[in-house]
Amino acid sequence: MFAPLTLLLSLLALASAQPWTTLPGSLYCSSEAWGSCASADWPQSNVGSPLVPQAPDAELQAMLAEVDPKRVQDIITTLTNFGTRHTLSNQTDPVRGIGAARDWILKQMQSFAQASNGNMEVKLDSYIQSVTDTILFPVNISNVVATLKGSSDSNRTYVVTGHYDSRRIDIFDYTNDAPGSDDDASGVAVVMELARICATKRPAATMIFAAVAAEEQDLYGSNHLAQVLKNASVNVEGNWNNDIVGTGSSEPFFPVNNYTIRLFGASYAYPASTTLNSTELASELQEIGIIGGENDSPARNLGRFIAEIAAGASEEVNMQVALIYRPDRYLRGGDHESFLAQGFPAVRFTEATEDFAHQHQDPRVQNGTVYGDLLEFVDFEYTARVAKVNLASMWSAANAPAMPVNVSISTLIGFPAASENTPLYELSNDSQFNWNTDNDPLVASYELLWRPAGALQWTHALNVGNVGTVTVDLSKDDVQFGIRAVGKNGMKSPAVFPLPDGEV
């Protein structure tokens, strides 16, 4: 009868003989430098299992194999050869200027649509922009938009963008050469390759492939497109923006990483929607700050989703995604911000290291250095790998169920007593979650995701079945949570961060 006591004493003796830094729950990794072990072993929990990134099915693997670096090269070369694609450049010349580029992209997209059996519609989204600080005279701005209608959830929409305009150092110089091979013919090549490959397919949700204009002048084209979608009450669950995705091997810089693409995701602190007034926005940000949700915005959870898909398809895409907690590069911007401004989740892809000698530069040789955004500095294989990351993640999102809605966390369970009559079960450290199931025919079940607060990516997943509530033995104080839908085909939606009861 003394065995349990003997065992306990033995365990205590063993524990006292171990360095405390190696005990369960330690935040220190003996084999890693401080700060590089964000998940570590704490908090200790048996909720769920370590997350395994979802792998591509046979159809997606075949689609990824269709991405063609030679087609990428042809697109970027053709766009470069239009000389300049400045927003204010000639729109009627058949071989030079933004008009020639627009017309060529339109014809290419229309040729892709011919194989879609009527499921892909291609059109120009155009308007006349009046004079502004960056527009010298009224000008026609046209986005080339190919829409592949969803087969079962057509209002749910995913948008991939790249801008086809270009610029020189002087933003008003619209006559001289501005080749724009990397910025952003490379992004347009990604958009067009996705449109070509997806045209013959039938995604569950709608996919939009858009070559937008006037990014360099102040995001005018993408702003117009995002407003059109918002005004039409389209449910945009994500924008994949590709801008400067032409090379991972900028030679002056070391180390070269030709297999990394940066992905920028905005926090909740980025103005989420122009429909909020300053008081509403301040109140919303205060609430997010109180609950520690600033790193769990829809944009960052979209970024986590894309990074996970790329990891699961690493053998097919040959690229890793570096998720960065910023809306864009430091003090800079791009077309995804137009979608963020309308309240849509949006992220930006940009090559691992930019070379500013080959960006927004007048083509020239100066003191032995070649300047200019020239074709010779683009790596078509790299851009093709970026296209694969876009294709894998966007196709997976469009064929997974929609993101859960009205996801909340209970403010009763796992809190101090409100009175002497508070039930004992409410006084645990449990966390309870609720969401709408909406009887989505694509849904097989839902997953609860969690990660330690300092971790960049989700670390654990728990499949809870096809239900709208779950309670787990894990404190909401210590980790970040998300809820996502799992499809009958195994594809999973981006996660949704739960807000307190009464705040959703």
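This is a predicted model: local features need pLDDT of at least 70, side-chain atom pairs count only at pLDDT 80 or more; totals for chains, interfaces and linings use all residues.
Local features here need pLDDT of at least 70, side-chain atom pairs count only at pLDDT 80 or more, and totals for chains, interfaces and linings use all residues. Residues are numbered from 1 along each chain as its sequence is written, and side-chain values use heavy atoms, with hydrogens and water left out.

I will start with helix 2, residues 58-66. Helices (H or I, at least four residues) and strands (E, at least two) are DSSP runs, numbered from the N terminus. Which residues of helix 2 are buried? They are Leu60, Met63 and Leu64. Buried means under 20% relative accessible area, exposed over 50%, with a 1.4 Å probe and protein chains only. Seen down the helix axis, these buried residues fall within an arc of 100°, so they line one face of helix 2. That arc is taken from the directions from the helix axis to the C-beta atoms. The face turned away from the buried side carries exposed Ala58 and Ala65. The cover over the buried residues includes helix 5 (181-198), helix 10 (314-317) and helix 12 (380-399).

Now Gln361. This residue sits in the loop between strand 9 (346-351) and strand 10 (364-366). Gln361 is buried, at 14% relative accessible area. Leaving out residues up to four places away in sequence, Gln361 touches Ile169, Phe356, Tyr371, Gly372 and Asp373; contact means heavy atoms within 4.5 Å. Gln361 and Tyr371 are 10 residues apart in sequence, and their C-alpha atoms are 6.2 Å apart in space.

Finally, the side chain of Gln361 has a polar atom 3.3 Å from the backbone oxygen of Phe356.

Technical notes
A polar contact is a pair of N or O atoms within 3.5 Å; within protein, one must be able to donate a hydrogen and the other to accept it, and residues adjacent in sequence count only if both atoms are side-chain atoms.
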